[in-house]
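This briefing takes up selected features of the structure shown below, grouped by topic. Please read it with the coordinates open.

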Amino acid sequence: MSTAARQARDTRHPVQQGLLSRTLSAVSSILFWLFVALLFSILAEWVGMWLWWPDEGVDHSRQMLEQEIRYVNQDFGRSLLVSEPADYARQFADTSYRLLFEMTRVEIAIQWLSRPIDPRGSTLQATLRQGYGVIEAHVVAAMTITQVFAVRLAVLTLAMPVFVLFGLVAIVDGLVQRDLRRWTGGRESSFVYHHAKRLILPSIILTWVVYLGMPVSVHPNYVVLPFALLTALALAVTASTFKKYL
């Protein structure tokens, strides 16, 4: 069989991924983008240490962590997913810290590097500890921001029922508006339907991107609720303009 014939056959019969491969691909994509968001948060904190809060230094990230935990303790008393949201957020942050820094021995390495230079030690030991002294504040800030990231990630998982609740109300309202339009002979527009449908997933993703990447402490409600309303609006418009044949 010629190369052109094989290419034509592959084009007519594309290889389809199975359920397991699609699931693994989706999980890997989520982990990749979470890692990118974490790197962005760390870089934003470092830039802030150089430009916006040089006097605070590493204390800025520590204050952020305290404020984020305070938000959880004060305003997350109940949740549909867990019985103790504040304990869940703290355990999530502690588990992330253990997995990323304790189990990987990064914490032990940092403790060794932070010790004073041993005059009887090797030249390599002195060079490493001296170099670490220059970047110590940035390393500590990165570790603290990782904990902030974990707390925010836990908060976002607790906030997902808000999107579900708002979405259900929006779908019901949109379907009611659709029936009213059909019975009154209103105008239908597939253009509006397709554009509103494209906004649903980005409005959810933007919630995670914006909240996880913010270099300052912001109450979760100021981020989650506007995007939940935007998602609900997109769902309502999608449901109200839905047609049986598009």
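Arg 105 sits in the loop between helix H4 (85-102) and helix H5 (106-113), and in this predicted model the residue has a positive phi of about 65° although it is not a glycine. For context, most residues other than glycine have a negative phi. Arg 105 also counts as exposed, because its relative accessible area of 55% lies over the 50% cut-off.

**Overall fold**

- The protein chain holds eight helices and zero strands, so that from the N terminus on its elements run α-α-α-α-α-α-α-α.
- Of the 246 residues of the protein chain, 33% count as buried.
- When contacts between residues at least 6 apart in sequence are considered, 73% of them join residues at least 24 apart.

**Helix H6 and its bend**

- The 61 residues of H6 should span 90 Å at 1.5 Å a residue, and this agrees with the 85 Å that separates its end C-alpha atoms.
- Along its course H6 bends by about 65°, and the bend is placed at Ile 135.
- Ile 171 is another residue of helix H6, and it is classed as partly exposed because its relative accessible area is 33%, a value between the 20% and 50% cut-offs.

- The buried residues of H8 include Val 223, Val 224, Phe 227, Ala 228, Thr 231, Leu 235, Ala 239 and Ser 240.
- In general, residues three or four places apart on an α-helix point the same way, because the helix has 3.6 residues a turn.
- Which helices do the buried residues of H8 pack against? The partners are H6 and helix H7 (190-213).
- Ile 171 and Ser 240 are 69 residues apart in sequence, yet their C-alpha atoms are 8.1 Å apart in space.

**The cavity and its lining**

- How many cavities of 30 Å³ or more does the count give? The count comes to one cavity, and about 60 Å³ of space lies in the largest cavity.
- The lining of the largest cavity is made up of Ser 41, Glu 45, Met 64, Ile 145, Val 148, Phe 149, Arg 152, Leu 212, Met 214 and Pro 215.
- Helix H2 (19-51) and helix H6 (123-183) are the elements that give two or more residues to this lining, with the largest share, four residues, coming from H6.
- By residue class, the lining of the largest cavity divides into seven nonpolar, one polar and two charged residues.

- Not counting residues up to four places away in sequence, His 60 touches Glu 45, Trp 53, Pro 215 and Val 216.
- Among these contact partners of His 60, Glu 45 and Pro 215 also belong to the lining of the largest cavity.

Notes: Residues numbered from 1 in each chain as written. Predicted model: local features only at pLDDT ≥ 70, side-chain atom pairs only at ≥ 80, totals over all residues. Heavy atoms only, no water. 1 Å grid on protein atoms, 1.4 Å probe; cavity = no way out; pocket = protein on both sides within 12 Å on 5 of 7 lines; lining within 4 Å. Points joined across faces, edges and corners; volume = space filled by probe spheres on them. Nonpolar A, V, L, I, M, F, W, Y, C, P; charged D, E, K, R; others polar. Contact = heavy atoms within 4.5 Å. Expected span 1.5 Å × (residues − 1). Bend = angle between axes of the 7 residues up to and from the residue. Buried < 20%, exposed > 50% of the residue type's maximum accessible area, 1.4 Å probe, protein only.
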